[in-house]
Amino acid sequence: MLSSFTIASVLSVLAVSVQAVPCVQFDANWNLYAFGGSSDVKLGTSDSWSSPNPTTLSTSGRPPWTGQNTQCILSQTNNAMYVIGGDSDLSKIYIYNFASDSWSTQTTASAPSDLGNSRSASVLDHDTNTLFTLTTGSGLYQIDMSSVTNAASGSALNWEAVESPSFSVSGYTVTAAQAANHIFYLGVPGTAAGSANVFVVHYAYFQPTAQAFSGSAFPNSAGQAISIPNAGDNVPYQIVFVPNDFSNTYVLSHWTDLGDYTITTGAPFAVDRINSTQTLPAPSSQDNAAAYAASPSAIVQVDASGNIYYLNNPVGSDYTVSSSATWQKLSYTLATSGGSSNTTSSTNSSSSSTTSAAVGVGSLTPSASGTGSRSASRSASASGSGASAAAGTASAAASSAVGRVSVARGDVLGLAIGFVALAAGMLL
């Protein structure tokens with residue numbers, strides 16, 4: 001007979017496994033939103049965060065926020081958010097229209113068996129509105145969202161296989177973000193520290209060698225990566241990378257002339273900033289399950305317990321990081337069903353008041369959206385091998401492998417339910 005202690009232990013695992021997965025994101029007017037709590041909320045622009053006045057959002061049609069590797073991705077031009085992995089049904093992409101405070105669900109076909117094994121596995125290409133997902137079992141996939149913009153279409157969209165990467169994904173926890181029409185894959189096993197593998201979107205082409213970055217060498221580690229949007233709705237030029245060792249918050253800058261990668265004139269920043277790395281303090285909450293978002297003037301983290309931290313004005317108009325930027329804690333906590341973080345500890349960064357604010361009551365007043373259509377052509381095609389494109393120089397520095405920890409949710413839930421049923425039968 002199973003002891004009551006054993007049953008209690010299983011029930012505790014069950015309680016951890018069914019929690020919601022929170023995320024944060026900005027709209028095109030740089031209002032911050034937090035999703036995945038008992039309520040989803042709008043928290044306003046950064047100048048209001050010292051005394052936030054949360055506004056509750058519509059719940060009709062929203063995802064249950066129970067997926068294991070949920071990603072909330074901004075489509076800046078369409079003022080919309082695409083949610084991948086919002087539940088266990090990988091064929092669904094939930095779409096939130098910021099301007100109308102409304103949800104719709106896009107059905108898809110031919111979805112791969114997995115959509116990556118992390119919260120940084122999928123990247124939305126800015127110019128084509130195409131989602132790219134590096135799967136752990138069948139290579140890179142894409143789905144063209146250009147016909148969808150900010151609301152689901154009536155017909156299913158097809159996932160398409162693109163190609164296998166130029167590097168092995170064995171043991172890889174996918175960590176990716178976009179800068180200047182390139183998707184950078186960080187922490188690929190066997191890659192030198194301070195280097196990243198590259199997929200060139202407009203040529204559907206994986207560079208054969210990793211791209212080295214000058215400056216502070218980021219670790220060859222899994223973690224979370226996001227792009228910093230461009231205020232002018234151009235392609236982003238910088239990536240925020242938070243490795244699982246929380247050594248720093250790394251800001252990677254990249255620019256490439258699409259016609260000739262050897263050309264450096266026309267870059268939006270100084271030439272020595274191209275393919276370089278700068279550092280900011282590590283987040284206060286060292287939680288590997290946290291999610292991140294960025295605006296042109298802020299970087300935000302929400303951890304698994306719903307605590308929200310932010311860096312205000314971390315990067316200047318010249319794309320140089322601020323030496324005085326520090327993480328602060330928003331005086332509002334997203335109400336979740338409990339934390340499931342891998343590690344959570346308060347560290348070297350300063351924080352502000354931690355008093356929780358009450359969620360505002362009433363309907364959300366929609367903000368105006370910048371919804372202009374984009375005319376950029378889409379040259380990345382399914383299964384295209386691509387032409388030779390921008391080439392990088394791999395760094396010769398030795399890589400440093402870092403241990404990876406995954407967060408179990410759905411699979412543990414099924415096991416726990418079966419275990420509890422078995423235990424109850426034996427007790428009876």
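Which residue stands opposite leucine 311 in E27? That would be tryptophan 327.

## Before you dig in

You're looking at a predicted model, where local features need pLDDT of at least 70, side-chain atom pairs count only at pLDDT 80 or more, and totals for chains, interfaces and linings use all residues. Residues are numbered from 1 along each chain as its sequence is written, and side-chain values use heavy atoms, with hydrogens and water left out.

## The four-stranded sheet

Strands here (DSSP runs of E, at least two residues, numbered from the N terminus) count as paired if DSSP finds at least two bridges between them. Four of them make an open sheet, in the order E24-E25-E26-E27, with antiparallel pairing. At the edges sit E24 (291–295) and E27 (327–333), each pairing on one side only. On average, neighbouring strands of this sheet are turned by 25° against each other, direction ignored (axes are lines fitted to C-alpha atoms, and angles run from 0 to 180 degrees between N-to-C directions).

Strand E26 (residues 307–312) runs antiparallel to E27, and four bridges join the two.

Now for E21 (residues 238–243): six of its six residues are buried (under 20% relative accessible area, 1.4 Å probe, protein chains only). Gln238, Val240 and Val242 lie on one side, with Ile239, Phe241 and Pro243 on the other. In a regular strand, side chains alternate between the two faces of the sheet.

E21 pairs with E20 (residues 223–228) in the antiparallel sense over six bridges, and glutamine 224 stands opposite valine 242. E21 also pairs antiparallel with E22 (residues 249–253), over four bridges; there, phenylalanine 241 has tyrosine 250 as its bridge partner. The hairpin of E21 and E22 has five residues between the strands, and phenylalanine 246 takes a positive phi near 50° in it.

Terms used:
Buried means under 20% relative accessible area, exposed over 50%, partly exposed in between (1.4 Å probe, protein chains only).
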